[in-house]
2 protein chains.
Amino acid sequence: MPPKKTILRDAAPYLPELTLDCVILSFHEDRLKVLLLRWKGTQEWSLPGGPIQRNEAVDAAANRILKERTGLDDIFLQQFHVFGEVERYNREEIRHKLKHLIDPDKWYERAVSVGYYALVDYTKVTPTPDAYTEQCAWWDVQHTPALLFDHNHIIHVARQALRTQLSWQPIGYNLLPEQFTLPELQRLYEAILGKTLDPRNFQRKMLSLGILERLAERRRGGAHKSPYLYRFKKEQYELKLKEGNLFFT
Amino acid sequence: MPPKKTILRDAAPYLPELTLDCVILSFHEDRLKVLLLRWKGTQEWSLPGGPIQRNEAVDAAANRILKERTGLDDIFLQQFHVFGEVERYNREEIRHKLKHLIDPDKWYERAVSVGYYALVDYTKVTPTPDAYTEQCAWWDVQHTPALLFDHNHIIHVARQALRTQLSWQPIGYNLLPEQFTLPELQRLYEAILGKTLDPRNFQRKMLSLGILERLAERRRGGAHKSPYLYRFKKEQYELKLKEGNLFFT
DNA sequence: GCAAAAGTGTTACTTATACACCCATGG
DNA sequence: CCATGGGTGTATAAGTAACACTTTTGC
């Protein structure tokens with residue numbers, strides 16, 4: 001048992017010098033999207049994030065924020081970097097831009113932030129602003145505005161981390177709806193890797209992992225041959241992920 | 001400029017809820033070693049680590065601790081995980097074991113820790129205890145004692161991270177003396193990967209990276225053929241590392 | 001019928017793996 | 001002379017990369 005005594009900083013409901021920021025990514029109309037928040041009474045955008053409660057694990061706080069902003073639970077969420085510089089961004093500029101919203105006694109101190117990224121199904125998300133913001137929306141990750149804090153930098157680092165992780169774990173499982181076509185999956189990989197892939201080689205490699213199941217139906221609607229629908233075979237996917245022999249290079 | 005006002009927590013010279021822990025690894029007599037500290041008046045060991053100063057970047061704090069405990073500067077040091085659980089370890093047990101050393105008003109609060117690992121040259125290190133400890137020594141990483149806090153767990157996570165990173169960046173550069181033999185490098189890889197490698201395949205792969213230079217001299221001393229000495233070609237090594245095409249699988 | 005995108009196989013090349021003998025040295 | 005560990009090559013298998021045409025669909 002921890003001691004029962006109360007000291008001053010125990011009174012604060014949050015860990016005062018630690019925050020987290022979530023780079024919540026999805027895939028829609030062949031583009032990677034990132035979820036951003038617009039602060040009340042401004043045209044300023046930032047990543048979702050915030051402080052960590054004193055009795056809350058950091059991972060739990062990331063899940064809480066994800067849940068609050070998207071409505072989604074139980075999602076792939078990955079710590080990718082700690083942003084621990086003393087002057088991560090111009091605090092005076094933030095003070096100026098957000099002065100109508102935040103108590104200067106509580107904010108603008110130096111804070112270290114833990115960066116997380118999440119991969120979510122665009123169709124399942126209900127973007128929801130928080131107490132400080134009035135709009136929550138998807139932005140094309142290639143065309144975000146200039147963000148508050150060091151959030152453009154955080155997105156950049158997240159995308160690098162994601163590219164690295166791609167070799168170790170196929171990611172479509174989290175980013176796509178339950179049913180999808182191989183060309184859709186290929187375009188997702190192309191969006192993340194930032195280069196085009198050969199469809200024959202892509203299909204051969206992806207199918208050889210043994211984690212996809214082809215369904216009887218096809219997707220209809222375009223003026224072209226109808227592609228087959230696939231879905232992930234959950235058990236095989238989880239099994240291979242655990243064994244660590246899911247590579248895609 | 002940040003505001004000039006002083007609020008209570010500004011008085012603390014450290015960020016109170018954030019610490020870091022360093023898994024400092026080296027290689028000696030064919031074994032991976034980890035640097036541990038023994039706390040004053042006890043037989044209890046822990047990793048080097050500690051709080052972060054209010055005006056100090058987290059990476060800078062890790063470098064400071066590395067420097068203080070080893071005498072080394074400018075070393076490969078890598079953030080690998082944030083340990084953010086609420087109950088990372090039994091605080092009451094720590095309170096009991098270290099009660100003669102630490103002020104109960106300041107310690108035993110929940111703290112989040114950033115884990116770093118460093119790879120250092122065993123021969124260049126002068127193990128140096130800190131203010132709370134009376135011994136600083138290398139332990140075989142396979143045979144550490146039961147450590148304070150959650151430090152056995154932290155070492156375990158560090159080793160996993162190291163194994164993953166091994167594929168992306170050859171690591172002998174940091175762990176070996178300037179001159180070394182290929183069998184020595186191979187034994188280092190074997191120690192990290194936990195399996196034996198074929199010497200012909202190992203040498204071919206390692207040399208094909210183009211970052212090693214064979215010297216004229218050989219290492220003498222054993223009752224066997226004298227192995228060649230090698231050293232890293234610093235420029236090529238750094239260049240390839242930056243380009244990201246240094247793989248070892 | 002025509003434009004758009006999907007589906008599909010083969011070959012060359014590169015990389016990884018498996019495997020065994022001789023050589024230099026110190027004692 | 002002998003025990004120890006270092007140095008070295010080749011053959012096979014696996015994986016990766018490059019490449020183009022036919023099919024289906026909606027309009």
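The legends below describe close-up views of a predicted model.

**View 1. Residues around DNA strand C.** Among the 23 residues around DNA strand C, those that come nearest are A:Ala223, B:Gly222, B:Ala223, B:His224 and B:Lys225, where near means that a heavy atom of the residue lies within 4 Å of the strand. Of the atoms of DNA strand C that come within 4 Å of the protein, 41% belong to sugar and phosphate. H6(B) gives the largest share of the surface near DNA strand C, with four residues; helices are DSSP runs (H or I, at least four residues) and strands likewise (E, at least two), numbered from the N terminus.

**View 2. Polar atoms facing the bases of DNA strand C.** From B:Ala223, a polar backbone atom lies 3.0 Å from a base oxygen of DNA strand C.

View 3. B:Gln79, in strand E5 (residues 77-83) of chain B, is buried, with a relative accessible area of 16% (buried means under 20%, with a 1.4 Å probe and protein chains only). The side chain of B:Gln79 reaches the backbone nitrogen of A:Val82 at 2.9 Å.

**Notes.** Residues are numbered from 1 along each chain as its sequence is written, and chains are lettered from A and ligands numbered from 1 in the order in which they are written. Local features need pLDDT of at least 70 and side-chain atom pairs count only at pLDDT 80 or more, whereas totals for chains, interfaces and linings use all residues, and side-chain values use heavy atoms, with hydrogens and water left out.

Notes. Polar contact = N/O pair within 3.5 Å; in protein donor to acceptor, adjacent residues only side chain to side chain. Buried < 20%, exposed > 50% of the residue type's maximum accessible area, 1.4 Å probe, protein only.
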